[in-house]
Structures are given as structure tokens and as C-alpha cells.
Amino acid sequence: MPARPETSAAPIRLADYTPPAWRVSDVALEFDLGIDSSEVTAHLTLHGAADAPLRLDGEGLELLSIAVDGAPLDPGRWRHTDNVLEVSGMRDGSVLTTRVRVQPAANTALEGLYLSGSRETGFLLTQCEAEGFRHITFFPDRPDVLARYTVTLRADRARFPVLLAGGNPDGTGELPDGRHWARFVDPHPKPCYLFALVAGRLEKIERDYVTAEGRAVKLVIWSEANAIDSCHYAMDALERSMRWDEQAYGRSYDLDVFHVVATHDFNMGAMENKGLNIFNAKYLLADPDTTTDDEYKAVEAVVAHEYFHNWSGNRVTCRDWFQLSLKEGLTVFREQQFSADMNSPSLKRIEDVALLRRAQFPEDAGPLAHPVRPSEYREINNFYTATVYEKGAELVRMLAGRLGTEGFRRGMDRYFADNDGRAATLEDFLGALGAANGIDLMPYLAWYGQSGTPRLRARGRYDEGTQRYTLTLSQYTPPSASQPDKHAVPIPVKLALFDRDGNMLPLHLDGHAHDTETVVVLDASERSFTFEQVPHAPVPSLLRGFSAPVLLECDYAPAELALLLTHDPDGFNRWEAGQQLAARAFDDCRTGGAEALDAWSGALKRLFVEPGLDAALLADLLTPPGEIELAERQEAVDPAQIHELRQAMQSRLGRVIGAEALERRYRELYAPGPLALDAAGKARRRLQRRVLELLALVAVDTAHALADAQYRSAKGMTDRLAALGVLVRGGAAEATDALADFRRRHADNPLAMDKWFAVQAQIPGEPALGRVQALEQDPAFTLKNPNRARALLGTFASGNPSGFHRADGAGYRLLAERLATLDSLNPQIAARLATAFNGWQRLEPVRRDMARQALSDLAGRPGLSRNLSEIVASVLSR
């Protein structure tokens, strides 16, 4: 599929939204499927105003015929130019019929109808979000056109024995010449981005399920034969998701069958097509030998996320793509709730906030910053970002916290009831939540329309004579090029006060008792809150549970942070205090100070031997902020120095705890027996990995010997990959044999091989580039597979700052060159990998100049897609 040139698209603006002149009430699609050529016949029942021309989107389509109400259409009544089919003289209730030809095997962009896998054994499938349906047939490709779909598939039975589409099965049969057909009917109106089909040789597992409303549902997961045994965990996760949504939100499934299909060729993580979810195999297949503990959790979370879309995205969709977070941010929040209930709420919150800071905060601070609801875009695929997803989820979390559990459920019931079968807006969402609770929530719209991360500043003053503690909060959001004037937003701040012995104090605010925790809302630029009956100067614990997505600036003394780290009963806030203290320790390493470094390492030494402390939480407490987060503490970012300083502070921590204590704890944790997949087993492996990483900084030979032994005896991928990572990143002599063994063991498993590429792309410092270049020549590497491109180039550019940001600019040049090549194959993936350049302006001068030159050279290449050119232009413009 050819890339769309940049000049083909003017900005699309939210302010210009108008309802469609023509709507489609019913769609009947007929597919004659083939690998090189497929024909699509579409019958659209139209409703609209006769004086307005009908405009249908269509890209890469060969138009074979066009008719209205069964009669061929006069050529004078239609024209096809600039990817638009325009028809005049249509009448309300008419049926427009088009027949087109598409070329699935030639579609390397993986958008529309395409071939996954080889010509001999692969299968056909579709991806239509956001604007892929226009690559299948002519249609008003916008989310506010909702129609009921009847889909008939015809294909060679031997080559395509399985035929699937969204909706309920409505018949199958035989055709001449060894062909067969299958029909599916979806009774629910849906936008075209939720259309899906799959055709090929696939195996299945299935399970019967009865919803809370008594509907009998067949759950079916499909994959290629060599992976079907790895689908059982996903099936269990699907059933857990369905039960949870019935209990937590009162939402039941609404079709007779639910199909899920795994593919190794997919641009996204998964897609929630109505009744036929399509998954990147990375987020569906799971077994102990090839799947890590973290990946098990990811499979569970993504399966849940796509299922939850059945209501928050499908039954209630978004009016336009500016409202994308209405379905994605809301569903991420629902997924986070589910994962917290299935696992540990504290650990889940830590993981979510860590991801937000690693991925979204830098996005908010750089040239790719945009509001959760942007005001304009050129290429909507470039707005599937951490801001829309993760920050969008945080905004829903704020609203849920504001309303409480019962109030939020009441509001969600109202939202689903008011908007079922509709394309909604953020105003509809806030209006329903507010109306159900008698609260005006429209001030929260300011969060959705403003880019940037607010800075929350806190300062406290204690009056010993009156025993009053006054907490003054203020907010400030730095200006951006498109929004020089930022406004105050409502910031809920959950807080507690601690005495100097680490005890939580009862709170007395505004004449009311609030137990030991309360929430105050900063809804102006500055506001003060006075607590009474405070016997001694307290230590405030602010933003408990990360109650708002802001950057907290508070002049804590290191000892105060250490107190919270060691005494706060809330697991998340213990971690948060440790992260702040570790950031101060990093500053000490940079400036030669010692106070914060001593407080951090000393507190963690005490926690290391604290009996009963959850092993997984201790692992996270022992892990300082990553290099990407620590870069925010430098004016002119030097990634090599940041890596060196972070290693130095971890080495200091390892020495304070002691090599003997680390080795002893490792041996206590290591369990060579049968693999335990329960929560305790996963927690043990998490801490074991972290202890081994620290030991590798203070007793290299010992750690490498232990890692090599662990790799050889590992019963599952978690221990095997953890050991391999320690060996490879540490440059151990044993790494070569371990990598070769891993390659032999997993050569036929694409997902495991992605890990093999990724672990080598994480080699720190200058050696990384040479390793990446060598791996590009490996027969298993290809730019045509999104997972493989992300595993090597994505890990190198976005997950290895000291390797990518070489002072000689070679990393930048390599990425720019590969992006140009990848862009001709798959513009979406090229654009997403290009975001690794975000924040180049903050680099120190030498690297900054090198990055600018690489970007400028890339921007000057002719024929870049609209996807990539928009990202490059945005990154260069600020």
C-alpha cells in the first residue's frame, strides 16, 4: 500500500466538526477472498439530504463497478479523485453498490485487508482503526456513522477453511469449485473502524459461558496450529474479565459468540472489533517456557482491555477522533482497576505511575506534547499516544476519586444508559457523571484541553503556639508553543500527616475531623489549608495514591523522605517517597553531596532485612528512577553521564547493603524446583532479579557465576531472561554461550526471539550500536514485522539512552536511515519509532546538533508518508 504524501492532508480541526450529511443505516458486504486479489462488494443503505453530495472515503481501491438501487450509475453522477468518491443526486433510502479490488499480499502497511505470515501458510485479516476501512471499500470513514453490518465471506475452502467476521453467525454453505461461504450479522450499530474479518488455516480452543443476564455465549480463541496450546491462559483471563465487568460495572456481553484471533503481524497491541477481537500474538500467547511473569500480567490486562471496550468504545463509541481518550483513557482506567483487583493494588499503582513518568511525562514536556483532546491533527494514527491513553486514564481516576466508588458507578450507569448506540463526546461523559451525582464536573474539561504536566508546589508552616499546620499548595504549567497561557485546573490532593516517629496523625480541617487521610482540591493558582490540633511539626504525605498526574515540588528534607519510605503503610507512597529520595541521591552523586545518598541507602538497608515486607514491593523500592526520568533533573542532558551516575548510586546501595547480604538473600530466594506461577512465586522472582542486578555491581564475578547457573537451570522464561540480561548487559564472558543457547532453544518462537533481539539492544554505552548493526544482518531480523522492528530498533532508540545518544551521532543517523526504509513499508510503525527523537532539544550541545542534523536529513527525504513527516516536522519545529 503506498504511503500517503504529506501534501495530501490539511489539518483536521475539532472546531470544524459538522455531522455527516449522509448516514448509513445498513451495510451488506460481500468478500471474494484471495491472497493477491480480493473483491469487495458493498451495499450501503443511505439516509440524508438530497441537495448534498455523497462523499465516501477510499484509498488504494480499484473501482470495478458502481450502481444505485440495482442500476449502473451514470458516469456523470460520480467522480473519484484524491481518495474520495463523490456521488450526486442520491435519494434518502437509496442503496449504493460498489465493487472494488484490493491486494492483500502487497499491503505491508498492515492497514485494511492484508496477509499475515507467508503466502503458503499465512491468513488474511483486517485492521480498520483508525482509518483502515477506507482501504477495504468506499465508505464515510468516520466514527459517528453507525450502521448494522451483514457480512458474507467467500473463499477457497482448502486455503481458507476458517471464515470469521464480527457479529453472530448466520449461515454457512458450499460453493462450486471447492469454495465455501459464511455469513455474519451484527445486530448492534457500530462505526466502520470496528469491522473485522479473518480467513485462513487456524486452530481453536473454546469454552461455554453464561452471562449474568443468562445469555449463553461461545468463547473461541484462534491461532495458528503451533501456538494454540499457548492460548489457555488468555481464555482464563477473558472469562475473569467478563465476570469482573458484570460485577464492577453491571455490563454483560451482548452477542452469541466472542472470537479472538492471534497474529504475529499487527501494528497495535490488539483491536476490540465487535465480536472478533484481533490480537498481536505478544499479548495473547502465554506459556511458562516463553512468557515472563510481567508478560503474563500484560496478557491478562490487554485481554481485559479489549473486552471492556465492548461497552466503553463499542456500545458507546466516540463522535470523532478528537474524543479518542473517551474510549481509550476510560478503558485503560477500567483495565487498571481489573488488574489491581486480580493482583496487588499497590504494585499495580506503582507500575502505572512508573509508566506514566517514563512515557507520558517526557511526551508532555517535549515537542510532541498535545492535549488529551487535541484541537487539530493531520494523521490520527500519530495520536495513539501515552497522553491519550495513560494520562487519559489518570483523568478518569481523578473523577472516580472525586465521586467515590458508589458515585462513579452511578455515573457510569447513567453514561452507558444515555449513550448506548451513540457516538459520544467528553462533554457527554462528564455530563452523565455529574448529573448522576448532582455535581458540575465541567471544570475538569480544562485537563482535557491543555497540554503539559502541572507542577504542584507545596510548602508547610507549623505554628507551635497554636498547634496549627498550614499547607500552601500552588500550581503552574509551563507554557508551550501552541498554548502560551496555561490555566489552573482542579487538582485533588490526597494527603496524610506523620509525626516524627512515623505515626499517622488524626486530621482536623475546616472544623471537621477527617480520620488520618483526606482529600483537598486545589482549584485555583494557590490555596492554603490549615490543620488544627497538630501536636508537633508533621511530615506531610502528599498525592497519596498519585491522586493527580502532576509533578510534585516539595522541599522535603532527606530524613523526612526516609521516614515516609520506612513507615508509610501505603505501598505506593512508600515507593513514591523512595523515588523522590533516590532522585535526590542522584543529585548527590552529581554534585558530590552525601545527605540524600546516605538517607536513601540507609533506609533501604533497613528495609532489606525487615521481616514480612512483600518481596515484590521490596524489589520496586530497591529500584531507583530510570535514566529517562532522571534526565529531567539535568538542564543539558548527557545520557552517558546519567547512566554512569545511576550505576554509581546503585553500586553505593549495593555496598551499603553488603555483597554477603545480597548473595545470601539471592540464595534464599532462588528456587530450582518446579515453577510456581502463584503471586508468591512471582514476587520471589521479582526480588531475586533485583538482588542479582545489585550484586552484579559490587561482586561481578560472583554475580555472573550465579547468573550463568540460573540461566542453565531456569524452569521458566522469567528466570532465564533475567539471568541473560545480567550477563549481556554486564559484558560477562558467559553471555556468548547463553545467547547462542537461547537462540537454539527458541529459534522457532517469534515472541521469544523478539526478547533475544531486545536484550542485546539494551547493552549500555557505545558498544550497543555495533551490536544492533550486526543483529540487523541476522536472518531472523526483518523490518516487515512490527514486533521485530520494535524489539531491536525500538528498544535501542527508546529503551537504551546511553547506547542511542552517542556523542558522535551515529545512533541518530542509524535510526533516521532505518526510519526512511521502514516508512516505505509501514508508515505507522516508522512514525512511532521516530518518537524516540522527542526531547532532543534538551540534550547537551554536541548531541543536540547531531540529533538536529539527523532529523533535518530525514525531513529532507522525498516521499515521506504523512505519518512520519508529521512526527519529524513536529519534533523539529520546537
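The model is predicted, so local features need pLDDT of at least 70, side-chain atom pairs count only at pLDDT 80 or more, and totals for chains, interfaces and linings use all residues. Residues are numbered from 1 along each chain as its sequence is written, and side-chain values use heavy atoms, with hydrogens and water left out.

Let's start with the strands. Helices (H or I, at least four residues) and strands (E, at least two) are DSSP runs, numbered from the N terminus. Strand β5 (residues 62-68) pairs with strand β9 (residues 95-102) in the antiparallel sense, over six bridges; pairing takes at least two bridges found by DSSP. Glu62 has Arg101 in β9 as its bridge partner. β5 is also joined to strand β6 (residues 71-72) by two bridges, again antiparallel, with Val68 opposite Ala71. β5 and β6 make a hairpin with two residues between them, and Asp69 in that turn has a positive phi of about 50°.

Now for the helices. Two packed helices are described by the angle between their axes and the distance between the axes. Axes here are lines fitted to C-alpha atoms, for helices over the stretch in contact, and angles run from 0 to 180 degrees between N-to-C directions. Helix α9 (residues 571-591) and helix α10 (residues 595-608) have axes that come within 7 Å and cross at roughly 140°. α9 and α10 are therefore oblique to each other (under 35 degrees is roughly parallel, over 145 roughly antiparallel, 65 to 115 roughly perpendicular, and the rest oblique). Residues in contact (heavy atoms within 4.5 Å) include Leu581 and Ala585 in α9, and Leu597 and Trp600 in α10. By class, the contact of α9 with α10 has nine nonpolar, one polar and four charged residues (Ala, Val, Leu, Ile, Met, Phe, Trp, Tyr, Cys and Pro are nonpolar, Asp, Glu, Lys and Arg charged, and the others, Gly among them, polar).

α10 also meets helix α13 (residues 639-657), with axes that come within 9 Å and cross at roughly 45°. That makes α10 oblique to α13. Among the residues making this contact are Leu597, Trp600 and Leu604 of α10, and Met649, Leu653 and Ile657 of α13. The contact of α10 with α13 divides into eight nonpolar, one polar and three charged residues.

Last stop: Thr385, in the loop between β23 (376-377) and α5 (386-419). Is Thr385 buried or exposed? Thr385 is buried, because its relative accessible area is 11% (buried means under 20%, exposed over 50%, partly exposed in between, with a 1.4 Å probe and protein chains only). Not counting residues up to four places away in sequence, Thr385 touches Glu363, His370 and Glu390.
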